[in-house]
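Here's a quick briefing to read with the structure open beside you. Take the topics in any order you like.

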Amino acid sequence: MSVKDKLLYDFSLNLPRVLISGDIGIIDNVKRIVMLSNEQIIVHNGSKYTSAEGHNLIIKELRDERMLISGELEQIRFFKTL
């Protein structure tokens, strides 16, 4: 796979993408919120799911399929259903 193909694949509209810096995280391609608590946020990204786990998690902003969360992020998981 060429570099161009990898970049285009990375920005697919149905795949999850997460950017983390300190206690702020951005989850892209959010189609819907599946679960929300102070310790876990699970979102559906079209073909997969993204789970953010930690403490005192708060959704600061949600618009244009992008979610800004803050809190003590400890773990990010990507998964899909069978």
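**The aromatic pair and the rest**

Let's start with Tyr49, which is buried at a relative accessible area of 14% (buried means under 20%, exposed over 50% and partly exposed in between, using a 1.4 Å probe and protein chains only). Keep in mind that this is a predicted model, where local features need pLDDT of at least 70, side-chain atom pairs count only at pLDDT 80 or more, and totals for chains, interfaces and linings use all residues. Residues are numbered from 1 along each chain as its sequence is written, and side-chain values use heavy atoms, with hydrogens and water left out.

**Aromatic rings**
- A search of the whole structure turns up 1 aromatic pair (ring centres of Phe, Tyr or Trp, the last by its six-membered ring, within 6.5 Å; planes under 30 degrees apart are stacked, over 60 edge-to-face, the rest tilted).
- Tyr49 and Phe79 make up that pair, which is stacked, with 5.6 Å centre to centre and 10 degrees between the planes.
- Tyr49 sits in strand S5 and Phe79 in strand S6, so the pair ties together parts 30 residues apart in sequence.
- Phe79 counts as partly exposed, at 33% relative accessibility.

**Overall layout**
- The chain has 1 helix and 6 strands (DSSP runs numbered from the N terminus: H or I of at least four residues for helices, E of at least two for strands).
- From the N terminus on, the order is α-β-β-β-β-β-β.
- Of the 82 residues in the chain, 29% are buried.

**Nonpolar core**
- The largest nonpolar core has 8 residues, including Ile27, Val30, Leu57 and Ile69 (a core is a set of buried Ala, Val, Leu, Ile, Met, Phe, Trp, Tyr and Cys residues joined through side-chain atoms within 4.5 Å).
- Strands S4 (40-44), S5 (49-63) and S6 (66-79) each supply at least two residues of this core.

**Salt bridges**
- The count comes to 5 salt bridges (a side-chain nitrogen of Lys or Arg within 4 Å of a carboxyl oxygen of Asp or Glu).
- Asp28 and Arg17 meet in one of them, at 2.7 Å from N to O.
- Asp28 lies in strand S2 (residues 24-28) and Arg17 in strand S1 (residues 17-21), so this pair links parts 11 residues apart in sequence.
- Asp28 is buried, with a relative accessible area of 5%.
- Arg77 and Glu53 form another, at 3.1 Å from N to O.
- Arg77 belongs to strand S6 and Glu53 to strand S5, so the two tie together parts 24 residues apart in sequence.
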